[in-house]
Amino acid sequence: MPEWQGGSLDRSDFGLVDVGGIPFAVADPQRTVGWIVDRALSRRGGMNVRFANAWNVALASEDPAYKRLLVQPGCLNFPDGTPVVWFMRATQGAARRVRGPSVFREVLRDSSREPLRHFLLGGSPRMLEALQHRMAVEYPAARVSGVFSPPFAPLDEAYIKTCIEEVGRVESDIIWVGLGTPKQDFVGTEIAKFVSVPVLNVGAAFDFVAQTIPEAPRFVQNSGFEWLYRLLSEPRRLGRRYLYGNIRFLIVSTKHLLLRPLRSKGE
């Protein structure tokens with residue numbers, strides 16, 4: 001297994017707002033892209049970056065181990081989901097959505113100015129092949145340092161060790177993880193302990209860029225109803241996530257917001 005790299009693991013570059021017990025960074029897409037590129041070039045230390053949404057908050061409310069993962073030092077959660085942004089604004093007044101797939105595209109585009117090497121972890125071999133093809137067409141300056149399609153298997157110590165070893169075989173400036181929630185959060189957190197570059201969990205971004213799954217039009221992305229577009233596109237796979245998950249998120253986050261004054265008095 002690779003040697004622990006250490007490095008700067010604080011979240012002081014951004015203000016944080018609590019939504020449903022999970023800290024989210026106050027940022028905007030442009031600043032986020034610049035921060036990622038700067039961190040990749042400066043090698044300030046591994047950090048797991050998540051583009052989290054209502055489903056992450058809902059899962060964390062039911063799984064203490066997963067919640068500990070999202071709140072621990074060495075990670076940063078950007079708000080990828082309009083409901084999360086709404087609750088952030090209710091708390092502190094200013095917040096913007098930072099959409100993972102859009103950040104993925106913009107960082108790839110930024111490779112035309114900075115010679116970044118990208119490692120792609122997740123998805124099937126066929127999807128990764130399609131992704132590399134689309135990257136070569138749309139972002140020819142983005143260099144792929146390596147790819148790895150993990151076997152379809154339960155998440156355990158051996159699975160994580162294999163992912164860490166594959167990433168460690170090559171030099172990369174950014175590691176992208178597209179394994180889906182919550183698997184990618186556990187894997188990304190462990191990888192970040194052994195590298196000196198950012199590890200970014202981007203969910204369906206690989207499929208969107210590879211064009212293996214339809215991506216919502218820009219006006220739908222900006223409307224707050226991208227979740228509905230995805231639900232209608234993949235109802236069987238995403239039904240529980242968006243129907244049960246959104247209800248659970250609203251209950252947990254509303255309760256947390258209403259109890260906030262009481263917690264403040266007790267501190």
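**Exercises on helix packing**

The backbone nitrogen of Asn-53 lies 2.9 Å from a polar atom of the Asn-56 side chain. The model is predicted, so local features need pLDDT of at least 70 and side-chain atom pairs count only at pLDDT 80 or more, while totals for chains, interfaces and linings use all residues. Residues are numbered from 1 along each chain as its sequence is written, and side-chain values use heavy atoms, with hydrogens and water left out.

**Exercise 1.** Determine whether Asn-56 is buried or exposed, and list its contacts beyond its neighbours within four places in sequence.

Solution.
- Step 1: Asn-56 is found in helix 2. Helices (H or I, at least four residues) and strands (E, at least two) are DSSP runs, numbered from the N terminus.
- Step 2: The relative accessible area of Asn-56 is 3%. Buried means under 20%, exposed over 50%, and partly exposed in between (1.4 Å probe, protein chains only). Asn-56 is therefore buried.
- Step 3: Leaving aside neighbours within four places in sequence, Asn-56 is in contact (heavy atoms within 4.5 Å) with Tyr-66, Leu-70, Thr-181 and Asp-185.

**Exercise 2.** Describe how helix 2 packs against helix 12.

Solution.
- Step 1: The two axes, of helix 2 and helix 12, come within 8 Å and cross at roughly 70 degrees. Axes are lines fitted to C-alpha atoms, for helices over the stretch in contact, and angles run from 0 to 180 degrees between N-to-C directions.
- Step 2: Angles under 35 degrees count as roughly parallel, over 145 as roughly antiparallel, 65 to 115 as roughly perpendicular and the rest as oblique. Helix 2 and helix 12 are therefore roughly perpendicular.
- Step 3: On the helix 2 side, the contact is made by Ala-54, Trp-55, Val-57, Ala-58, Ser-61 and Glu-62. Helix 12 contributes residues including Tyr-244, Phe-249 and Val-252.

**Exercise 3.** Classify the packing angle of helix 1 and helix 5, and list the residues in contact.

Solution.
- Step 1: Helix 1 (residues 29-42) and helix 5 (residues 100-110) pack at about 55 degrees, with their axes 10 Å apart.
- Step 2: That angle makes helix 1 oblique to helix 5.
- Step 3: Thr-32, Val-33, Ile-36 and Val-37 of helix 1 meet Val-103, Glu-106, Val-107 and Asp-110 of helix 5.

**Exercise 4.** Identify the buried residues of helix 4 and what covers them.

Solution.
- Step 1: In helix 4 (residues 82-92), the buried residues are Thr-82, Pro-83, Val-84, Val-85, Phe-87 and Met-88.
- Step 2: Their cover includes strand 1 (15-19), strand 2 (22-26), helix 2 (54-62), strand 4 (75-79) and helix 12 (235-258).

Methods
A polar contact is a pair of N or O atoms within 3.5 Å; within protein, one must be able to donate a hydrogen and the other to accept it, and residues adjacent in sequence count only if both atoms are side-chain atoms.
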